[in-house]
Amino acid sequence: MDIKNLKNYLYWLFCQFELITCSYLMEPWEKVLFYTFNIAMLFMVLYTAYIYVPIHISTAFQFCLHLLGNQHENAVSIVK
Amino acid sequence: MANPNAVCNGHLHHHHHQKQNNLLKSGIYKKNGITKGMKKNGVSNGTLYKKTFIEHFEQAPMYVAVLTFLGFGVGTVFGYLRDFMRAWGLEKRHIAAEREQQKDFVPLYQDFENFYTRNLYMRIRDNWNRPICSVPGPQFDLMERVTDDYNWTFRFTGRIIKNVINMGSYNYLGFAETDVNALKTVTIELQKYGTGICSTRQEMGTLDKHVELEKLVAKFLGVEDAMVFGMGFATNSMNIPALVGKGCLILSDELNHTSLVLGARLSGATIRIFKHNNMQSLEKLLRDAIIYGQPRSHRAWRKIIILVEGIYSMEGSIVRLPEIVSLKKKYKAYLYLDEAHSIGAVGASGRGVVEYFGMNPDDVDVLMGTFTKSFGAAGGYIAGKKDLVDFLRTHSHSAVYATSMCPAVAEQIIRAMKCLMGQDGTTQGLQRVRQLGKNTRYFRRRLHEMGFIIYGNDDSPVVPLLLYMPGKIGAFARRMLEKNIGVVVVGFPATPITESRARFCVSAAHTREMLDTVLNALDELGDFLQLKYSRYSKASHPELYEETRLELED
């Protein structure tokens, strides 16, 4: 029963997306184009996040440690 | 005699109880020739308004505006894409285009309006111009039509959708009916006069029916004389040029109807626009007009006329008539009141906004209205002092050139007006007006409780429900039709681009069950389409509306 509710809820969310972005009004080939573009953009954002976010977090963490106290004269970490 | 209610609001009302049965409906009574009004707490603008004037124009949350622009942005991008494909021959052109020989001429179809029509309006075009095949009463029959090529062409399947609840027709008092008894006199007149007039008013087109109708309209409104015309739109656009000309000033409301705008432009007078129903803006314009006069010569204006409507059909707001009348008296301007939607629909006995505010019809210089909305007929009238109407009989473009009203239609108006005035011996007219008031208040109250954003005055039968996003316009109209309810949705350019809406017209002919059906459908659809944007409703603040719970001991 929960799966059915979940599927209904997801379908309803998809309908809201369609209405807000006007893809409800588009012809099928336009929808394909629009969704492809959106999915491609989303994929690129996620991929970029996957590659760069750990590096950014660790750099920010090191910067915080540097601010709190000069404790890393000999702890220069090399990131591959 | 000691009366605990003798003093209230600092005014002695000791004679209130004895004079109770002499009080008029609006609470004004005379003593020694001096008119006194009942003073209530919380009435705005001092004593000008005798009942509370509540209007709602709630703004939607910010994310709604952002998403609306996002939707239009996506639509515009795809519009450019489709135009590109059409220009490069990748797609067949369905819409009008210039001929091959005219390719180097000034382009005809590149402005924003045509772009919008081709790319955005066409996608949801199936919600407008739907042909109906019965009388537009509280329910009507619709011809089913489908499209094979995304709304460029339609074809009729031959099936008729029956008994669709009508929430779009301007049938405020329910006079659009086919009941044989009601239309008896109309049938008689039709057989006596036929249908065509074949002449203008000034030649041979004035019938005794027109004279009878004009006398009745003048009596109904409480003015000296009236003149009727065959078409409501033409009443405005053809008569304003006869009343004002060059050297005159027209102060017109921001949201006036196209007929008023067209009439004002045709007249050649200077037009200045004040903000919708905003008396400070109007007063500023009046003061500037009187202080500075005409633009270059600084001479006094020949005439200053204020154009307003009784009920604005896209907003549902009612004009602030008492304030406008006091302004016009102070600055000596003329007032032209277009009661197209308000005649028959507001007021204790259906006589329009003048009666709604308890004012004297002599205060308004030109009373204009149409018979299309509340009387189930066609045509318009202009009423006022006898000199004004006599002037219009000779100088109006409509009187000289336009065909006069058909006699059967005139008889329909006569019978509807007699019914309203009670002259046919029944109280049916008054019952209709009361039913309309009840329906209006019920409908608006329920919609507010559900959490929709509704514009307009609490007493106006025109109810705009805001939809905002372009995708929802089409979805709303189509789904309501699937539930057998016909609604009118409006978008750009009739409304501002972000405020598209669905406009409901409540009618006296709607029964409580019909309204409940519509309200339940709206509730469901509002949840599905997420249309309940209001932040002040019962749904969003249930703790404010909780009734006190009494614990009863058994």
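Between chain B and chain A, seven residue pairs are in polar contact, with both partners at pLDDT 80 or more. The side of chain B that touches chain A draws at least two residues from each of three helices of chain B, namely α1 (62–87), α14 (470–482) and α15 (512–529). Of these, α1(B) gives the largest share of that side, with eight residues. Sorted by class, the residues of the side of chain B that touches chain A comprise 13 nonpolar, four polar and five charged. The model is a predicted one, and the values quoted here should be read with that in mind.

The contact as a whole takes 22 residues from chain B and 16 residues from chain A. The size of an interface is often given as the accessible area lost when the parts come together. For chain B and chain A the buried area is about 1800 Å², and carbon and sulfur atoms give 71% of that area. Charged pairs also cross this interface, where the count is three salt bridges. One of the salt bridges in the model joins Glu30(A) to Arg123(B), with the closest N and O atoms 2.8 Å apart.

Chain B is divided into domain 1, made of the segments 53–166 and 428–543, and domain 2, which spans 180–421. The centres of domain 1 of chain B and domain 2 of chain B, taken over C-alpha atoms, are separated by 29 Å. Each of the two domains of chain B brings 22 residues to their contact. Together, domain 1 of chain B and domain 2 of chain B bury about 1700 Å² between them, with 62% of it on carbon and sulfur atoms.

Across this interface between domain 1 of chain B and domain 2 of chain B there are nine residue pairs in polar contact, both residues being at pLDDT 80 or more. On the domain 1 side of chain B, at least two residues each come from α13 (428–450), β15 (456–457), β16 (462–466) and β19 (501–505). The largest share of the side of domain 1 of chain B that touches domain 2 of chain B, six residues, belongs to α13(B). By class, that side of domain 1 of chain B holds eleven nonpolar, six polar and five charged residues.

One salt bridge is found across the interface of domain 1 of chain B and domain 2 of chain B. Arg501(B) and Glu315(B) meet through their side chains in a salt bridge, with an N to O distance of 3.1 Å. With a relative accessible area of 0%, Arg501(B) is buried, whereas Glu499(B), at 22%, is partly exposed.

Salt bridges that share partners also build a network in chain B, joining Arg201(B), Glu214(B), Asp225(B), Lys386(B), Asp390(B) and Arg393(B). Glu214(B), a member of this network, lies in helix α4 of chain B, which covers residues 208–221. Because its relative accessibility is 4%, under the 20% limit, Glu214(B) counts as buried. Its contacts, leaving aside neighbours within four places in sequence, are with Arg201(B), Ala226(B), Met227(B), Val228(B) and Arg393(B). The C-alpha atom of Glu214(B) is also 9.5 Å from that of Ile382(B), although the two residues are 168 residues apart along the chain.

Over all chains, the structure holds 35 salt bridges. Among them is the pair of Arg159(B) and Glu144(B), whose closest N and O atoms are 3.1 Å apart. This pair links distant parts of the chain, with Arg159(B) in strand β7 (residues 155–166) of chain B and Glu144(B) in strand β6 (residues 139–146) of chain B, 15 residues apart. Glu144(B) counts as partly exposed, at 22% relative accessibility. Another salt bridge is formed where the side chains of Asp148(B) and Arg155(B) meet, at 3.0 Å from N to O. Here Asp148(B) counts as exposed, because its relative accessibility of 58% is over 50%, while Arg155(B), with a relative accessible area of 44%, is partly exposed.

Technical notes:
Residues numbered from 1 in each chain as written. Chains lettered and ligands numbered in written order. Predicted model: local features only at pLDDT ≥ 70, side-chain atom pairs only at ≥ 80, totals over all residues. Heavy atoms only, no water. Contact = heavy atoms within 4.5 Å. Buried area = accessible area lost by both parts, 1.4 Å probe. Salt bridge = Lys/Arg side-chain N within 4 Å of Asp/Glu carboxyl O. Polar contact = N/O pair within 3.5 Å; in protein donor to acceptor, adjacent residues only side chain to side chain. Helix = DSSP H or I, 4+ residues; strand = E, 2+ residues; numbered from the N terminus. Nonpolar A, V, L, I, M, F, W, Y, C, P; charged D, E, K, R; others polar. Buried < 20%, exposed > 50% of the residue type's maximum accessible area, 1.4 Å probe, protein only. Domains from an automatic or database assignment.
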